[in-house]
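This report looks at one strand with its surroundings, and then at one residue in another strand. Please keep the sequence and the structure open while reading.

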Amino acid sequence: MKYEIRKVELNDIDDFLMVNAQCWNETYKGIVEDAFLKKINNELDKNIKKLKCQFNKENDYMYVLIYNNKPVGITWVGNSRIENHLNDGELYSIYLINEVKGKGFGKILFNHDIKILKELGYKNMVLGCIKKNKYANEFYKYMGGIYDFTRTIKIGNQELEENIYYFKDIYK
């Protein structure tokens, strides 16, 4: 299985956000309101321009997964934004388009993210996962995540429950 995980450069932002939009529409259909998913697609060009203006290669740990010369996944890590875990690393997102799910890329990206967070000096990692995304919740538990707590987040006009998972001592 030949693939590449590439740190996002300015010219990769289009691919990063296009994969993100496709994954949201595939993964969250029936979970997140349709109006919000439609908005992601309608505002894609605007969001690409915005991210290109804000992008900082040195401080943004965003990656794109290339398989068969096509962007098929993304991941993003950094300092935690989650209360009670502000000194930990956070896995902000791992997204794969449906056609490559089940091929082991989730584990590959997850382990890649652990490696990056270790290099950044973090000892622990935290992440949030929408509670109704059963497949992802099971994946994070399988990868060693310990359920920490549930919080309510707002996506568009909708309030959803998000499970927070904690990964203690990622150096093991």
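Which residue in β5 does Glu 90 stand opposite? In this predicted model, Glu 90 stands opposite Val 126 in β5.

**Strand β4 and its partners**

Strand β4 is mostly covered, with seven of its eight residues buried. On the antiparallel side, β4 pairs with strand β3 over seven bridges, and within this pairing Leu 91 of β4 is the bridge partner of Val 77. Strand β5, by contrast, runs parallel to β4 and is joined to it by two bridges.

| Strand | Residues |
|---|---|
| β3 | 70–79 |
| β4 | 89–96 |
| β5 | 125–130 |
| β7 | 158–167 |

**Phe 167 in strand β7**

Phe 167 has its place in strand β7. With a relative accessible area of 6%, Phe 167 counts as buried, because the cut-off for that class is under 20%. Although Phe 167 and Asn 124 are 43 residues apart along the chain, their C-alpha atoms are separated by 5.7 Å.

Definitions and conventions
Residues numbered from 1 in each chain as written. Predicted model: local features only at pLDDT ≥ 70, side-chain atom pairs only at ≥ 80, totals over all residues. Heavy atoms only, no water. Buried < 20%, exposed > 50% of the residue type's maximum accessible area, 1.4 Å probe, protein only. Helix = DSSP H or I, 4+ residues; strand = E, 2+ residues; numbered from the N terminus. Pairing = 2+ DSSP bridges.
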